[in-house]
Amino acid sequence: MRSKNMSDVIATYYFRPRSDTEPKMAAQAICEEETTGTWTDISTRTGYVKRLDGSVESIAPQGHGYITRIRYPAEIFEPGNIAQYLSVVAGNLFGLGRLEAVRLMDVEYPDSLVAPFKGPKFGITGVRKMIGSTNRPHVGTIIKPKVGLTPEDTATVAYEAAIGGVDLIKDDETLTDQAFCPMDKRLPLVMKLLGDAKDETGREVLYAVNITTRADRIVERALHAIDLGANMIMIDIFTSGFGALQALGEDSRIKVPIHVHRTMHAAFTRNPEHGIAMRPLAHIIRMIGADQLHTGTVSGKMSHDAPEVKASIEVLTCNCHGMRKTFPVSSGGLHPGKVAHELATLGTDIVLQAGGGIHGHPDGTAAGARAMCQAVEAFMAGTSVEEYAKDHYELERALKQWGSS
Ligand code: CAP
Ligand code: MG
């Protein structure tokens, strides 16, 4: 978010110093390494350079370590260069020997460093407009198995999900353009069957085709997907790189929303003491153009804790920077029995996705999609899933299969 009354950058870290290092010295080591200093005094750090020194604004005990807020002068950042921003706030500091552990928790940027970014082209409002929804959560599915299906079978699964009532169908993170399911074949077939489903139901359904590839080819691949009829594209942000998303976000020829998957994130977000929390990453991902971003579940198969998930959602949906809001996506091990808890904890301005929790329904994909939608309807009506299931067969079958915890 924007740093209040500040023209500089404020980064917040949790850290645990090495046993022979004072907390103040440890925080100072971060500050020096990422601005004008190094491990020893240097004669070249003269007066005019020292204007770019950072400062340790505060240190307070937290858990087994400390929380520190460090101020970095805005001038050491190159406006609009996300790679360079990260090299400062999330750079060498992770390897410093004086710290046993260090985790970047949050970054506040002044307007001057956010102004070069346009943010999402569609955002929550734009995606809702395509679907025709107002305040209800969107329901999505990931085609499963994540790899292996032919283009024809992928399209059939997508059709079933659309008939069952989902708003969004997406490829999984490892499916791109492999020989067994090339994009050129899969995408037109899926769009054709989604068209058939629309003729039957009158409902628009989005298909986020995974265009993840090397950064210098991604725009070309996105444009090709749009030529083939894509109404949404998807990118694996951490394996493709921030520049790839930014290129998509800033290209005015790309007039479809971008769904962002975060595969690989847990390598740096999972350890509560070391690495980078999802929040500052989500912040950047919003700035560079994500219309939808995975932020985790509070009851699914992945290991997450509610305050962290909420912190990411907050940075995607706050009224800040004059930017559109990014639609948070809760996905991973969800099924109808988990819907109420997710929505009660995370709010209804969210996309709830289920892969196994739809295609694993005992009566198949269409019934699974109906059961997920019924669970959402129950929540919106203020009714428990158990109560709602009395009149909704697919939901009843799902609850029998997976329970309602
Ligand atoms: C969900 C998912 C997502 C995870 C990633 C999967 O499928 O498509 O990749 O949600 O989670 O393949 O696991 P299921 P996170 O619904 O079948 O679990 O972003 O939290 O790492
Ligand atoms: Mg997946």
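User: Are D172 and E173 buried or exposed?
Analyst: Both D172 and E173 are buried, meaning under 20% relative accessible area with a 1.4 Å probe and protein chains only. This is a predicted model, with local features needing pLDDT of at least 70 and side-chain atom pairs pLDDT 80 or more, while totals for chains, interfaces and linings use all residues. Residues are numbered from 1 along each chain as written, chains are lettered from A and ligands numbered from 1 in written order, and side-chain values use heavy atoms, without hydrogens and water.
User: What coordinates the magnesium ion?
Analyst: D172 (OD) and E173 (OE) coordinate ligand 2, the magnesium ion, at 1.9 to 2.0 Å. Donors are N, O and S atoms within 2.8 Å of the metal (3.2 Å for Na, K and Ca), and sites may look incomplete because water is not among the atoms.
User: Which side chain has an N or O atom 2.8 Å from an oxygen atom of ligand 1?
Analyst: H261 does. A polar side-chain atom of H265 also lies 2.8 Å from a ligand 1 oxygen, and for the D172 side chain the distance is 3.2 Å.

Terms used: A polar contact is a pair of N or O atoms within 3.5 Å; within protein, one must be able to donate a hydrogen and the other to accept it, and residues adjacent in sequence count only if both atoms are side-chain atoms. Buried means under 20% relative accessible area, exposed over 50%, partly exposed in between (1.4 Å probe, protein chains only).
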